[in-house]
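The sequence and structure come next.

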Amino acid sequence: MAVSSSPPPGTPLDTAQGGQSVQSGFESVYRRYRSRAFHSACALVGDREEAMELVHEAFLRAYQASDRFDPRREFYPWFHRILRNLCLNRLRSRKRNPVKESLDRREEQGPSIPSRDLGPLLAADLEERGRRVWQAIMSLSMEDREIIMLREFHGLRYRAISDSTGCPVGTVMSRLHAARKRLRAALEKRGISL
Amino acid sequence: MIDVEPCESLEVLLSGFVDGELSGVDRERVRQHLDECHRCALKVIAMNEIKRETAHIQFQDPPPEQWNEHSKGLFEATGRGVAWILYLVGGVLYLVLVASALWGAIVDREAGWKLALAGLLILAGTVSLFVAVLSQRLKARRTDRYRDIVR
């Protein structure tokens with residue numbers, strides 16, 4: 001799995017030189033985590049432009065709340081809770097039909113899948129397959145998408161996912177298991193058998 | 001013959017097993033079960049296949065110029081924090097001065113009734129807005145599709 005320019009999962013907050021606070025290291029924190037945040041927001045709201053806005057707002061709020069952040073903890077799970085709440089608020093405020101139209105929007109506006117230097121036929125196959133996998137993911141509920149994103153794409157450990165979502169570790173495991181079952185069904189519906 | 005644990009008691013542990021998140025004891029329980037249970041072994045294979053499928057997806061970041069615009073806006077916004085504090089302090093002071101001036105004017109009967117009327121209109125508007133927003137929020141809460149999602 002390749003998620004461009006993201007630090008290894010579980011990396012503690014970079015507090016810059018000499019143990020400075022989040023404010024002074026804010027720019028480096030922003031640059032380290034913005035891609036991961038953007039990808040998460042895309043998965044949650046299914047719209048790249050809205051994802052950019054939400055990431056902007058989430059970093060702003062993280063900056064404003066930075067005095068409440070414990071630098072001994074991992075940054076991303078704490079930040080993800082802020083981002084998650086903003087995404088939930090955005091989903092709630094959408095005036096259009098939240099089931100059908102958002103599903104169409106989600107499936108259309110996934111991540112751009114870049115072409116690869118693998119020869120035209122294989123690249124096209126992989127790209128098409130990747131699109132179908134992404135469409136299957138985006139057909140899931142928000143909770144399922146979120147936990148699949150955190151585990152399969154961001155590689156977070158269960159403890160970190162628990163911190164990100166506010167669920168106990170045991171619940172993370174059972175939700176992930178259920179999400180994987182539903183994802184498998186969605187993949188098979190799209191012609192990808194496992 | 002080894003007693004095989006029922007699949008139902010171990011199914012939820014399969015994900016933990018695939019992700020390397022189980023304790024030694026649970027890992028061994030699952031491993032022994034998989035040695036005997038073909039159905040659960042297939043589930044584990046399917047979960048590993050999902051990992052391989054998702055590994056093919058490579059996210060493409062927004063172009064650098066979009067990130068530059070994004071970060072510029074963000075750092076400008078964080079710099080506005082001090083400005084907001086000054087604005088709020090100034091606003092509170094202003095309201096206190098206006099309130100004391102209003103009080104002085106109300107005591108002076110000639111101008112008092114006009115000021116009292118203006119104050120009543122402002123109060124009525126504020127209460128109306130509050131009621132409108134509250135009823136909208138209550139309605140949204142009743143029809144909220146995501147109310148069961150834990151924050």
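## A helix crossing in chain A

α1(A) and α3(A) cross in a right-handed manner (the near helix is turned clockwise from the far one by less than a right angle). The model is predicted: local features need pLDDT of at least 70, side-chain atom pairs count only at pLDDT 80 or more, and totals for chains, interfaces and linings use all residues. Residues are numbered from 1 along each chain as its sequence is written, and chains are lettered from A and ligands numbered from 1 in the order in which they are written.

The axes of α1(A), residues 26-45, and α3(A), residues 75-93, come within 10 Å and cross at roughly 35° (lines fitted to C-alpha atoms over the stretch in contact, with angles from 0 to 180 degrees between N-to-C directions). Residues in this contact (C-beta atoms, placed from the backbone, within 7 Å) include A:Y33 and A:L44 of α1(A) and A:F79 and A:L83 of α3(A).

## Chain A overall

Chain A has eight helices and zero strands (DSSP runs, numbered from the N terminus: H or I of at least four residues for helices, E of at least two for strands). Of its 194 residues, 39% are buried (20 or more other C-beta atoms within 10 Å of the residue's own; exposed means 12 or fewer, partly exposed in between, with C-beta atoms placed from the backbone).

## Helix α4 of chain B

In α4(B), B:C40, B:K43, B:M47, B:I50, B:E53 and B:T54 are buried. They lie on the same side of α4(B) because they cover an arc of only 125° around the axis (taken from the directions from the helix axis to the C-beta atoms). Exposed residues B:H38, B:L42, B:N48 and B:R52 sit on the face turned away from the buried side.

Technical notes. Two residues are in contact if their C-beta atoms, placed from the backbone, lie within 7 Å.
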